[in-house]
Amino acid sequence: MTATLAKPPLDVPAEPELPKKPRDVRGILNWVATHAIGLALGLMFATPVLFVFLTAVMSDDQAFTSNLWPTEWHWENFVEVFDKAPLFQYLFNSLTYSLLATAGMLLSSIPAAYALAKLRWRGRNVAFLLVIGAMMLPPQVVAVPLYDTWSSLGLTGTLLPLIAPYFLFDAFSIFLLRQFMLTIPQSYVDAARVDGCSEFQTLVRIIVPMAKPGIAATALFCFLFTWNDYFGPLLYTGEVKEQWTLSLALATFKGMHIVQWNSAMAVTFLTMIPAIILFIFAQKSFVKGITFTGVKG
Amino acid sequence: MTATLGARPAPGRGRARARHRLAVLGFMAPAIIGFVLFFGYPLVATVIFSFTKYDLINAPEFTGLDNYLFMFKDPLFTKAIQNTLWFVAVLTIARTVFALGVASVIARLKSGVGLIRTLCYLPSLAPPVAATLVFFMVLRPNGGPFATVLGWFGLDSPLWFSDPMWAKPGITAIMLWISGDLMIIILAAILDVPQEQYEAAELDGAGPIRRWWHVTLPTISPVLLFGIVNSVILALQLFTQAVVAGSAGSGSADSTGSTKYLGFPDNSTLTFPVYLYTQGFRYFDMGYAAAMATVLFIISFGVTIVLVQRMRKGSAAEEGGPGA
């Protein structure tokens with residue numbers, strides 16, 4: 001696989017090398033300096049989240065001060081935010097959007113990726129270029145006519161305009177799945193054909209089981225992308241509060257529902273948890289993917 | 001790139017060939033319909049709308065080039081272009097250099113690689129809205145952790161998202177915090193550099209810095225180019241962070257109805273997509289928004305062409321196989 005283009009970001013099982021014995025004093029100093037910088041970088045990335053967490057557990061009064069460390073730990077803040085805003089409603093909407101979109105993406109993108117990766121047909125290269133073009137297009141470019149159409153159908157104010165496209169076409173997922181499927185040796189496909197499998201049977205019995213890790217990774221990216229989406233929900237459900245997703249609702253918390261920093265940060269922290277959990281999951285599924293196919297192309 | 005050899009039905013066997021065609025059509029049908037509905041049609045319609053005056057209620061009214069001519073008289077359009085160009089220039093360089101720097105450090109680590117890589121990558125998965133609020137809280141000038149730490153050294157914190165000078169650097173800081181995906185891609189490229197090349201350079205007496213400059217950088221340059229193009233696209237699309245920073249900064253934080261916060265402070269965060277959104281979906285001047293969308297389309301199309309050409313070159317070079 002050459003394609004450095006949007007390689008799945010987790011594509012690096014950077015094998016930690018065995019610690020080499022530093023040869024001399026300069027080597028030791030070098031080692032210490034590099035690791036100090038590395039540790040500092042890690043801390044730099046982690047610190048903002050740490051502050052969010054520390055602020056979230058402060059008392060209302062302390063959250064307004066410049067204290068960095070909470071004097072009392074108010075764990076109940078994480079529970080109380082559910083009374084201040086209809087978080088369960090937003091959570092339900094977010095899950096509806098993300099889960100349905102991911103399911104739809106799997107139905108529509110797996111066959112398309114298979115046709116682009118493993119079947120030979122005239123126009124395939126053009127089709128692939130169109131997929132890349134669609135992937136690069138800022139969503140704002142096509143927003144006006146799409147909003148116009150959904151609005152004339154009376155479907156703005158619902159999540160349907162966001163979910164429906166995934167059941168037909170999602171450029172990034174098709175691209176990613178195609179890259180995964182390219183790594184499956186052609187000999188498996190040919191063998192299936194010799195055994196008399198139809199194209200559909202080859203896809204379902206050979207390709208899908210072999211591409212499982214890639215499919216899992218693509219599904220996770222799709223879930224995270226929709227979970228994090230702000231422009232789409234803002235465009236179609238901005239006026240209808242009952243349809244807000246967590247991401248959209250979060251943008252208004254600091255001003256509307258919640259004045260205190262501690263509550264705002266508690267909600268911020270809660271919306272980041274799925275990403276953290278999914279990351280642990282995704283890392284595993286990806287490493288599996290590499291060992292499974294055993295081909296790096 | 002391997003396995004581009006596809007299965008081809010044996011020539012002369014009409015039925016098999018027809019079945020193969022039917023299979024391809026079946027697999028591609030949803031994608032073709034989806035592409036036409038959600039990209040093909042709206043792209044054409046955007047261009048058509050751009051020559052009209054349309055408010056979503058009354059029928060579109062043909063106005064020729066009025067929308068395009070108005071751009072030249074619209075100070076906010078100029079401001080939005082300037083803001084987006086600022087991000088294209090600064091964000092592209094900062095993000096690529098930053099990701100390269102962090103990846104180069106991580107690549108040299110002997111222990112703790114997994115942990116530090118995870119710490120650097122995780123923020124990029126956070127919802128952009130959350131990431132923006134995180135920075136808004138950490139950087140708030142009165143009592144925020146960053147201001148507090150600066151205070152220990154007797155320094156004053158900038159006003160960040162309340163100061164037209166500092167709002168864009170503040171958004172850039174957010175974008176660097178969530179640039180972990182690019183870091184991981186660059187790190188993978190660095191770790192792919194063949195070890196022999198380093199050993200050869202070491203024999204020639206090159207130290208670590210010269211090895212990095214003369215071996216690592218040239219070898220991973222295709223990936224760096226990808227990083228640059230990817231960052232340009234990101235900068236052109238910058239929307240969420242700008243809207244959320246503007247609304248949080250203005251203190252109104254109202255995602256519905258009000259338009260006063262967009263671009264706060266002093267239109268310094270009014271990026272091109274934000275202005276397009278404001279005109280189209282707050283003022284319902286769909287014709288003008290469509291004209292801006294057409295401009296945005298032409299620019300991103302140009303960037304995409306650059307990327308596709310690089311990919312073609314990249315895969316051709318790979319097949320030639322320069323020792324790799």
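The C-alpha centres of domain 1 and domain 2 of chain B lie 34 Å apart, the domain bounds being taken from an automatic or database domain assignment. The structure is a predicted model, in which local features need pLDDT of at least 70, side-chain atom pairs count only at pLDDT 80 or more, and totals for chains, interfaces and linings use all residues. Residues are numbered from 1 along each chain as its sequence is written, while chains are lettered from A and ligands numbered from 1 in the order in which they are written.

In chain B, domain 1 covers residues 14–49 and domain 2 covers residues 73–318. Four residues from domain 1 of chain B and six residues from domain 2 of chain B make up the contact, where two residues are in contact if their C-beta atoms, placed from the backbone, lie within 7 Å. The domain 1 side of this contact in chain B consists of three nonpolar residues and one polar residue, with no charged residues. In this classification Ala, Val, Leu, Ile, Met, Phe, Trp, Tyr, Cys and Pro count as nonpolar, Asp, Glu, Lys and Arg as charged, and the others, Gly among them, as polar.

Chain B contains 13 helices and two strands; these are DSSP runs numbered from the N terminus, with helices (H or I) of at least four residues and strands (E) of at least two. Of the 324 residues in chain B, 44% are buried. A residue is buried if 20 or more other C-beta atoms, placed from the backbone, lie within 10 Å of its own, exposed if there are 12 or fewer, and partly exposed in between. Among contacts in chain B with a separation of 6 or more, 67% join residues 24 or more positions apart.

For chain A, the assignment gives domain 1 as residues 25–78 and domain 2 as residues 82–293. The C-alpha centres of these two domains of chain A are 32 Å apart. Their contact takes 10 residues from domain 1 of chain A and nine residues from domain 2 of chain A. On the domain 1 side, α1 (25–56), α2 (60–63) and α3 (77–84) of chain A each supply at least two residues, and the largest share, four residues, comes from α1(A). By class, this side of domain 1 of chain A has seven nonpolar residues, two polar residues and one charged residue.

Between the chains, 101 residues of chain B are in contact with 98 residues of chain A. Helix α1 (residues 14–49) of chain B gives the most to the chain B side, with 18 residues. That side of chain B comprises 73 nonpolar, 21 polar and seven charged residues.

Helix α4 (residues 87–118) of chain A packs against α1(B) at an angle of about 120°, with the axes 8 Å apart. Axes are lines fitted to C-alpha atoms, for helices over the stretch in contact, and angles run from 0 to 180 degrees between N-to-C directions. The angle makes α4(A) oblique to α1(B), as angles under 35 degrees count as roughly parallel, over 145 as roughly antiparallel, 65 to 115 as roughly perpendicular and the rest as oblique. In this contact, A:Ser108, A:Pro111, A:Ala112, A:Tyr114 and A:Ala115 of α4(A) meet B:Val24, B:Phe27, B:Met28, B:Pro30, B:Ala31 and B:Gly34 of α1(B). The contact of α4(A) with α1(B) has nine nonpolar, two polar and no charged residues.

Within chain A, the axes of α4(A) and helix α11 (residues 212–228) come within 9 Å and cross at roughly 140°; α4(A) and α11(A) are therefore oblique to each other. Residues of α4(A) in this contact include A:Tyr97, A:Ala101, A:Met105 and A:Ile110, and those of α11(A) include A:Ile215, A:Phe223 and A:Trp227. The contact of α4(A) with α11(A) divides into 10 nonpolar, four polar and no charged residues.

A:Leu107 also lies in helix α4 of chain A and is exposed, with 12 other C-beta atoms within 10 Å. The C-alpha atoms of A:Leu107 and A:Phe167 are separated by 6.7 Å, although the two residues are 60 residues apart along the chain. In helix α1 of chain B, B:Tyr41 is partly exposed, with 15 other C-beta atoms within 10 Å. Leaving aside neighbours within four places in sequence, B:Tyr41 is in contact with A:Pro145 and B:Val36.

Helix α13 (residues 246–253) of chain A has eight of its eight residues buried, so α13(A) is largely enclosed by the rest of the structure. Among the buried residues of α13(A) are A:Leu246, A:Leu250 and A:Phe253.
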